[in-house]
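Please read the points with the model on screen.

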Amino acid sequence: MLETIAFYSMAAVAVAGALLVVTLRNTVHSALALGLSLAGVAGVFACLSADFLFAAQLLIYVGGIAILIVFVVMLLGRTTDLHNRQVNELWGAALLVCAITGAGLWRLTSFFGAGTGDTPHAAQTRAIGLLMLGEYAVPFELISLVLLAALLGAVFFSRKEI
Amino acid sequence: MTTIGLSHYLVLGAVLFLIGLFGALTRRNIIGILMSIELMFNAANINLAAFNHHLHPGGVAGMTTALFVITVAAAEVVVGLALVLAIYRNSATAYVEDFHLLKG
């Protein structure tokens, strides 16, 4: 019962935040709604008893990416943007694409029933650490290379004289 | 009230993905498009964690993959926002239909 309430409330927060992200006219409000939606997704991870993923989502997405986007939104843009249309004129076609994709996803979803139902809740941080330094050691090192490249790229592109 | 199963999480992931897809197709502001892409990443992460929890209980491979997705998304948004700033400095606009430097 508690799990049902937790899932539906967190899912409502995530979906409502996502709807606000794509519909709000003010980009600053949009970025703040993105933070709300990401926090809702973190709650969904908690419902799945993914404790480490929950913490990583809060730290990286809500604390890092959403704040970074808010910063950049405030760096650029003018006050006249608030009176401009923020959605292009092809929203009908986009709605059609979404409907077709949604129908396909619905058919895929109906393959999987209710799942296994109750599964034991166990702490996973230790297992994730062992997996990352054991079986997944090569992807783990490669992802650090990707992060280094992203760091250098961000510094390179945000220089003054490019 | 039924118990929450795998299909609930899959439907939630599909809904979030579709909202993100709609935003990426229709927003005029390039930062709005970046935010919509983040929503789609999150939908994929929900699916990964849900499959891990329901189809492979006790394992952590799906959650580790979701962590990798989060890392790549962070790298993507950092480089993307730096590019947005560089473009804005040159062309003074954030709307994607005004990005026609290569059109001639």
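1. **Domains of chain A.** Chain A is divided into domain 1 (1-78) and domain 2 (122-162). These bounds come from an automatic or database domain assignment. The C-alpha centres of domain 1 of chain A and domain 2 of chain A lie 22 Å apart.

2. **Ground rules.** This is a predicted model, in which local features need pLDDT of at least 70, side-chain atom pairs count only at pLDDT 80 or more, and totals for chains, interfaces and linings use all residues. Residues are numbered from 1 along each chain as its sequence is written, while chains are lettered from A and ligands numbered from 1 in the order in which they are written.

3. **Where the chains touch.** How many residues does each chain bring to the contact? Chain A gives 75 residues and chain B gives 60 residues. (Two residues are in contact if their C-beta atoms, placed from the backbone, lie within 7 Å.) On the side of chain A that touches chain B, the elements giving two or more residues are α1 (2-23), α2 (27-47), α3 (51-75), α4 (91-109), α5 (125-133) and α6 (137-157) of chain A. Helices here are DSSP runs (H or I, at least four residues), numbered from the N terminus. α3(A) gives the most to this side, with 13 residues.

4. The side of chain A that touches chain B has 52 nonpolar, 21 polar and two charged residues. Ala, Val, Leu, Ile, Met, Phe, Trp, Tyr, Cys and Pro count as nonpolar, Asp, Glu, Lys and Arg as charged, and the others, Gly among them, as polar.

5. α1(A) packs against helix α2 (residues 30-55) of chain B at an angle of about 155 degrees, with the axes 9 Å apart. (Axes are lines fitted to C-alpha atoms, for helices over the stretch in contact, and angles run from 0 to 180 degrees between N-to-C directions.) The angle makes α1(A) roughly antiparallel to α2(B), a term for angles over 145 degrees. A18(A), V21(A) and V22(A) of α1(A) meet M35(B), S36(B) and L39(B) of α2(B). Five of these residues are nonpolar, one is polar and none is charged.

6. **A pair within chain A.** How do α2(A) and α3(A) run, roughly parallel or roughly antiparallel? Their axes come within 9 Å and cross at roughly 175 degrees. The two helices are therefore roughly antiparallel to each other. Among the residues in contact are L38(A) and F45(A) of α2(A), and L58(A) and Y61(A) of α3(A). By class, this contact has 20 nonpolar, three polar and no charged residues.

7. **A pair within chain B.** The axes of helix α1 (residues 6-26) of chain B and α2(B) come within 8 Å and cross at roughly 165 degrees. That makes α1(B) roughly antiparallel to α2(B). Among the residues that meet are L16(B) and F17(B) in α1(B), and M40(B) and N42(B) in α2(B). The contact of α1(B) with α2(B) has 16 nonpolar, eight polar and no charged residues.

8. **The end of α3(B).** Just after α3(B), A92(B) takes a positive phi of about 55 degrees.

Methods: Angles under 35 degrees count as roughly parallel, over 145 as roughly antiparallel, 65 to 115 as roughly perpendicular and the rest as oblique.
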